[in-house]
Structure formats: structure tokens, C-alpha cells
Amino acid sequence: MNTKVVIRVRNGDDAPVSVERLVVDSRAEVGAGVTPMMLMDMLALLDDSCHVTDVEIRRAEP
């Protein structure tokens with residue numbers, strides 16, 4: 001099942017931004033293949049002063 005991971009962050013008064021990643025895994029569960037290391041890699045793309053406001057892990061639309 002394909003899973004979409006979205007991490008939304010805010011930095012002060014700036015507009016919210018997000019980082020998205022599509023995870024492809026042969027297992028049937030939503031979230032299969034999403035690992036803590038992958039989430040840390042996604043967070044590494046963002047500024048250290050950002051505050052995470054939302055993490056969404058859901059089935060990706062075909």
C-alpha cells in the first residue's frame with residue numbers, strides 16, 4: 001500500500017510549510033514502511049527553529 005507522510009511546521013510568524021514523502025510498500029497496512037529514521041530524515045530538511053504543528057500518515061490516493 002502506498003502511504004503519504006506529511007509533516008507541517010511553522011517558524012514564528014512565517015506561513016506554515018510542509019515536507020511530503022510517498023512511501024511504497026507491498027504490505028497492506030497504512031503506514032507500512034514508515035520508520036522513525038525516515039521521519040528524522042524528513043525533519044532534517046527543515047530549519048531547527050521550526051515547530052512541528054502536524055504529522056499526517058495516510059493512504060496515498062492512487
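Author: Helices (H or I, at least four residues) and strands (E, at least two) are DSSP runs, numbered from the N terminus. This is a predicted model, in which local features need pLDDT of at least 70, side-chain atom pairs count only at pLDDT 80 or more, and totals for chains, interfaces and linings use all residues. Residues are numbered from 1 along each chain as its sequence is written, and side-chain values use heavy atoms, with hydrogens and water left out.

Reader: In what order do the elements of the protein run from the N terminus on?

Author: The protein has 1 helix and 3 strands. From the N terminus on, the order is β-β-α-β.

Reader: In what order do the 3 strands form the open sheet?

Author: Two strands pair if DSSP finds at least two bridges between them. Strand β1 (residues 2-10) is joined to β3 by 8 bridges. β2 and β3 each have a single partner strand, so they stand at the edges. The pairing is antiparallel, and the order is β2-β1-β3.

Reader: Which residue in β3 stands opposite Arg10?

Author: β1 and β3 run antiparallel. The residue opposite Arg10 is His51.

Reader: Is Val30 buried, partly exposed or exposed?

Author: Val30 lies in the loop between β2 (17-24) and α1. Buried means under 20% relative accessible area, exposed over 50%, and partly exposed in between (1.4 Å probe, protein chains only). Val30 has 44% relative accessibility, so Val30 counts as partly exposed.

Reader: What is the relative accessible area of Thr35?

Author: Thr35 is also found in the loop between β2 and α1. Thr35 is partly exposed, and its relative accessible area is 36%.

Reader: Which elements give two or more residues to the nonpolar patch?

Author: Accessible areas come from the Shrake-Rupley method with a 1.4 Å probe, and for residues only the protein chains shown count as cover. Val30, Met37, Met40, Leu43, Val52, Val55 and Ile57 make a nonpolar surface patch of about 620 Å². The elements that give two or more residues are α1 (36-44) and β3 (51-59).

Reader: What percentage of the 62 residues in the protein is buried?

Author: The accessible surface of the protein comes to about 4300 Å². Buried residues make up 24%.

Notes
Patch = residues over 30% accessible without salt bridge, like charges linked within 9 Å, V, L, I, M, F, W, Y side chains within 5 Å. Salt bridge = Lys/Arg side-chain N within 4 Å of Asp/Glu carboxyl O.
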